[in-house]
Number of protein chains: 2
Amino acid sequence: LNAGLPEVSRNPHWNGYRCTVCSREYPRDWPHFVCESCGVDGILDAQYDYGAIGRNLDTAAPFPLSQAGGMWRFASLMPVAPASCHSAWTLGATPLHAPARLREALGLENLYLKDDTSLPSASLKDRAAAVAIAHARLLGRDRLACASTGNAAASLAVLGARAGAACTIFVPKSAPAAKLAQLALHGAKVIRVDGTYDEAFDLSVRAIAERGWYSRNCAHNPLLVEGKKTAALELFLDLAGQAPDAVFVPVGDGCIISSIGKAFRELKRLKLIDRLPKLFGVQADGAAPLARAWQAAGALAESLDGQAILALVKRAAATTVADSICVAIPRNRVKAWRNVAASGGAFMSVSDEEILAAVRMLAARAGLFAEPSGAAGLAGLLKARQQGCIEPPERIVVMVTGHGLKDPTAALAGIELPDPVRPAWPLPPGVID
Amino acid sequence: LNAGLPEVSRNPHWNGYRCTVCSREYPRDWPHFVCESCGVDGILDAQYDYGAIGRNLDTAAPFPLSQAGGMWRFASLMPVAPASCHSAWTLGATPLHAPARLREALGLENLYLKDDTSLPSASLKDRAAAVAIAHARLLGRDRLACASTGNAAASLAVLGARAGAACTIFVPKSAPAAKLAQLALHGAKVIRVDGTYDEAFDLSVRAIAERGWYSRNCAHNPLLVEGKKTAALELFLDLAGQAPDAVFVPVGDGCIISSIGKAFRELKRLKLIDRLPKLFGVQADGAAPLARAWQAAGALAESLDGQAILALVKRAAATTVADSICVAIPRNRVKAWRNVAASGGAFMSVSDEEILAAVRMLAARAGLFAEPSGAAGLAGLLKARQQGCIEPPERIVVMVTGHGLKDPTAALAGIELPDPVRPAWPLPPGVID
């Protein structure tokens with residue numbers, strides 16, 4: 001990895017990992033990413049010494065701006081941190097919009113939109129890629145790899161180009177052309193796999209193990225969730241040191257919602273907030289294994305152990321317009337389920353029509369162009385509101401996770417463009433009014 | 001305009017306007033946008049009382065953060081300013097990258113990239129739209145309109161949706177589909193004109209005059225340049241209170257380069273810098289009326305008056321892959337020319353191949369995906385370097401003005417994607433290495 005990058009150091013209070021399924025513990029230099037006993041289902045969770053972190057924390061100003069800039073102000077709750085600014089990892093501090101016209105339309109006076117479309121590769125996943133590049137630098141690994149339907153890959157390619165990190169990216173053949181163009185343009189090695197996202201994922205895991213690469217697979221490398229946590233930690237600062245009442249999050253593999261849940265649990269453990277926001281994990285009807293299992297579990301949902309969650313969440317065919325959450329079996333289902341259960345929230349699903357209506361509503365009432373998966377959170381909120389799960393005074397955050405320009409085709413399909421008119425005044429009746 | 005927007009106030013030291021061509025002066029409530037004597041060529045230039053501004057300036061910290069946030073910290077050099085934050089106009093503070101790998105590739109140790117692709121509608125033009133919306137609010141106008149090949153329109157539609165401002169946008173039939181989708185999605189009224197950009201522009205000017213709308217036409221409304229100035233004023237802060245030695249700027253109508261020139265001239269007038277950066281205005285070979293006229297003028301270029309510039313810069317057919325600078329006759333040619341001449345810089349042009357090579361270089365070596373026009377500045381720098389106009393130690397800024405996802409087709413055309421492989425290990429020889 002490029003020698004011109006600033007040094008990276010370990011957080012001394014990052015202890016190691018614990019398996020999400022069997023609770024077995026691993027040291028922080030564990031090289032195999034997942035649990036030895038549980039295999040690819042045994043996704044690890046980074047563990048910290050919260051007692052020590054708490055003792056070092058100034059509760060009046062817990063997250064001071066750091067030398068490295070952006071999201072690294074939260075380095076006390078992250079595994080690694082660079083020593084100074086660099087365009088490969090100085091990012092974050094995205095806007096939290098108070099969208100007046102959307103609030104009015106929905107009758108939700110305390111609605112907020114967390115806008116991660118403005119990050120370097122135009123999705124929240126840059127937060128994970130920045131941690132991956134920093135950690136790979138610490139370990140001296142010279143190539144990073146991942147499988148991705150698009151956004152995780154784009155984040156790795158963009159930040160890899162900035163850092164001088166070589167990248168190999170496994171994509172299913174069906175990935176949208178604009179996303180593949182981005183990868184190749186940024187100099188990443190693209191391996192197109194004649195199969196599903198899941199097959200691309202399995203192939204990447206094998207290649208990473210065989211070659212000793214650094215894995216940037218979200219549901220494999222346990223440190224990526226630690227980078228995504230910063231989106232929620234920013235919410236805490238943006239809301240003047242308080243938690244929202246509810247957060248709506250699109251769910252594919254379940255990594256983003258796991259990171260948001262973990263961030264708020266850590267803030268509570270450090271006594272910076274006194275209750276958790278309800279987390280609503282929003283899937284597409286056509287790719288809803290978590291939402292379906294959650295409904296099936298009913299009253300038992302909050303008490304299931306890891307093995308029971310693995311058994312209950314079943315692989316299914318996946319089709320939805322929201323390609324970034326089109327996942328047949330959520331790799332991080334146990335972590336995601338636990339975090340939603342701990343929060344008092346729920347999984348739910350919405351139709352493609354509801355997702356596209358949310359895209360249009362965000363664009364027209366909040367001036368925010370989201371890709372379909374990026375608008376799924378709003379679609380979930382609309383449904384939860386109809387079902388009476390949300391009250392108007394509640395402080396609600398919708399995570400807007402990716403930009404609409406990444407894949408405008410679906411959003412465009414519903415839009416009728418007017419016929420061209422001759423460039424002469426006056427215009428025919430009706431054209432201008 | 002939406003009553004929920006914060007109040008806007010006039011800058012008391014903004015005096016009025018002066019015609020760029022004939023120097024006739026106008027009061028600041030002049031309602032007709034352009035000069036009465038010179039017509040549409042007589043683009044006005046906002047005038048300030050720099051003596052008074054200078055007396056009120058703390059030279060040690062000349063641009064303190066303001067209540068309104070973002071680019072409004074430069075309100076002392078802007079005509080209007082809102083009283084508080086609002087997502088329709090709190091924007092700016094975009095990154096200035098120090099791209100290590102691009103510096104290395106080019107042998108330019110002090111090269112910087114000003115990255116305006118991260119703005120709300122993914123182009124620099126949001127800075128102009130924010131000022132337009134603020135000024136329209138001050139004047140009580142309820143509809144804004146413009147003609148645009150895309151980016152100016154997108155900025156108006158996006159920020160208009162945030163503000164609750166009604167927008168009418170005139171576009172040539174040839175505008176790329178993704179850009180039109182954005183406009184319609186954001187709720188703007190789109191009028192597609194069966195003609196060129198110039199015909200769409202003329203039609204918009206007529207409609208604006210007939211209906212009493214607020215004009216957001218860049219080369220018509222003199223206040224938009226005042227918003228774009230903030231990109232250059234940010235450079236001054238990013239470079240710790242110094243000017244760069246040279247700035248490379250893509251040129252279509254010539255508004256952005258005019259704004260950058262004006263910003264540095266104002267900083268010099270206020271004694272905050274002691275010399276102007278050389279401005280290089282980069283056009284595409286297929287749409288290069290300014291570059292051609294500049295070459296024709298030779299040694300006279302720096303002394304021509306407004307009428308002479310109007311006579312020398314001739315309308316020509318315009319074709320280039322860089323659609324945002326595909327302009328047959330630069331509306332703001334006099335202002336652009338004057339600013340380049342005052343700086344000791346030049347106009348130049350580059351081929352479409354050079355522009356696309358610059359897109360690829362930015363993506364692969366700096367992790368920045370620019371649209372073709374957004375990479376024209378870098379293409380110009382490469383050419384100037386070959387011609388010996390630039391020395392390695394100089395502090396050079398390239399303005400990256402719009403995101404590549406706005407129109408990825410051209411960038412993608414040159415990229416070969418690999419054939420899909422079967423999802424089985426080991427992969428065939430050569431696939432992974």
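How many disulfides are there over all chains? The count comes to zero, where a disulfide is a pair of cysteine sulfur atoms within 2.5 Å.

Before selecting anything, some ground rules. This is a predicted model, in which local features need pLDDT of at least 70, side-chain atom pairs count only at pLDDT 80 or more, and totals for chains, interfaces and linings use all residues. Residues are numbered from 1 along each chain as its sequence is written, chains are lettered from A and ligands numbered from 1 in the order in which they are written, and side-chain values use heavy atoms, with hydrogens and water left out.

**Stop 1: the cysteines of chain A**

Cys38(A) is partly exposed, at 21% relative accessibility. The classes are buried under 20% relative accessible area, exposed over 50% and partly exposed in between, with a 1.4 Å probe and protein chains only.

Move to Cys146(A). Cys146(A) is in no disulfide either; its nearest cysteine sulfur belongs to Cys218(A), 7.7 Å away. Cys146(A) has a relative accessible area of 0%, so it is buried.

**Stop 2: both chains**

Show chain A and chain B together. A 180° rotation, with 0.0 Å of shift along its axis, superposes chain A on chain B at an RMSD of 0.0 Å. The two copies are therefore related as by a two-fold rotation axis. The same surface serves both: 100% of the contact residues of chain A recur in chain B. Contact means heavy atoms within 4.5 Å.

**Stop 3: an open sheet in chain B**

Colour four strands of chain B, in the order β3-β2-β5-β4: they form an open, antiparallel sheet. Strands are DSSP runs of E, at least two residues, numbered from the N terminus. Two strands pair if DSSP finds at least two bridges between them. At the edges sit β3 (25-27) and β4 (34-35), each pairing on one side only. β4(B) pairs with β5 (residues 39-48) over two bridges. Pick Val34(B): its bridge partner in β5(B) is Ile43(B).

**Stop 4: Ser349(B)**

Go to strand β15 (residues 346-350) of chain B, which holds Ser349(B). Ser349(B) is buried, at 18% relative accessibility. Beyond four places in sequence, Ser349(B) touches residues including Gln283(B), Ala288(B) and Lys383(B).

Which side chain makes a polar contact with that of Ser349(B)? The side chain of Asp285(B) does, at 2.6 Å. A polar contact is a pair of N or O atoms within 3.5 Å; within protein, one must be able to donate a hydrogen and the other to accept it, and residues adjacent in sequence count only if both atoms are side-chain atoms.

Definitions and conventions. Least-squares fit on C-alpha atoms with pLDDT ≥ 70 in both.
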